[in-house]
Amino acid sequence: TEPTNSVFTIGSTGNMTTSGESVLGLLWTSIPGFSAFGSYTGNGNADGPFVYTGFKPRWLLMKETNDATNWLIYDSERNVSNPTSFYLFPNTDAGGNTYEAANTNLPVDFLSNGFKIRNNNSGTNASSDTYVWAAFAEHPQKTARAR
């Protein structure tokens with residue numbers, strides 16, 4: 001069933017409908033100057049794709065859709081300059097070991113209007129693979145609305 005502004009359907013495959021399993025649904029919408037969501041296609045080059053968000057990201061979540069790779073969270077608190085090379089694996093149960101210290105295999109640049117993939121690793125930039133992402137602004141801007 002197609003989602004609406006009040007419902008979504010999880011389908012009937014895998015653990016989604018297993019009795020006793022918990023399911024978490026995160027449903028967000030883009031707010032100009034505050035948050036943006038989307039997908040991009042990897043190009044397999046160390047000079048990866050640029051993704052426009054309309055703001056400099058403070059926090060970025062991404063996941064490859066074609067493979068069973070980990071979710072990645074980058075943020076500007078741990079990464080005070082480019083390239084951002086510290087990240088978290090929010091989907092693992094590794095406790096304190098979910099934080100990867102300066103892993104140079106998955107660098108990403110936070111730019112004034114988006115982010116740029118700076119690697120050709122399958123976790124963020126495999127050729128022709130699709131990646132979903134969610135970004136929240138470093139300095140959220142309130143948009144004025146005419147009356």
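This is a predicted model: local features need pLDDT of at least 70, side-chain atom pairs count only at pLDDT 80 or more; totals for chains, interfaces and linings use all residues.
The largest pocket has a volume of about 530 Å³. Its lining comprises 15 residues, and L24, L26, W28, L61 and W71 are the closest to the pocket centre. Strands β1 (35-41), β3 (57-64) and β9 (130-137) each give two or more residues to this lining. The largest share, three residues, comes from β9. By residue class, the lining holds 13 nonpolar residues, two polar and no charged.

V23 sits in the segment before β1. With a relative accessible area of 41%, V23 is partly exposed.

Five salt bridges were counted. One of them pairs K116 with D47 at 2.8 Å, N to O. K116 belongs to strand β8 (residues 114-117), whereas D47 lies in the loop between β1 and β2 (50-52); the two are 69 residues apart. K116 is buried, at 13% relative accessibility. D47 is partly exposed, at 47%.

D109 and R118 form another salt bridge, at 2.7 Å from N to O. D109 is buried, at 10% relative accessible area, and R118 is partly exposed, at 35%. Shared partners join D47, D109, K116 and R118 into one salt-bridge network.

A further salt bridge links E77 and R58 at 3.1 Å, N to O. E77 is in the loop between β4 (72-75) and β5 (87-88) and R58 is in strand β3, so the pair ties together parts 19 residues apart in sequence. E77 is exposed, at 54% relative accessibility. R58 is partly exposed, with a relative accessible area of 31%.

Note on methods:
Residues are numbered from 1 along each chain as its sequence is written. Side-chain values use heavy atoms; hydrogens and water are left out. On a 1 Å grid over the protein atoms alone, a cavity is a set of points where a 1.4 Å probe fits but cannot get out, and a pocket is an open set with protein on both sides within 12 Å along at least five of seven lines; lining residues have an atom within 4 Å of a point. Grid points are joined across faces, edges and corners, and a volume is the space filled by probe spheres set on the points. Helices (H or I, at least four residues) and strands (E, at least two) are DSSP runs, numbered from the N terminus. Ala, Val, Leu, Ile, Met, Phe, Trp, Tyr, Cys and Pro count as nonpolar, Asp, Glu, Lys and Arg as charged, and the others, Gly among them, as polar. Buried means under 20% relative accessible area, exposed over 50%, partly exposed in between (1.4 Å probe, protein chains only). A salt bridge is a side-chain nitrogen of Lys or Arg within 4 Å of a carboxyl oxygen of Asp or Glu.
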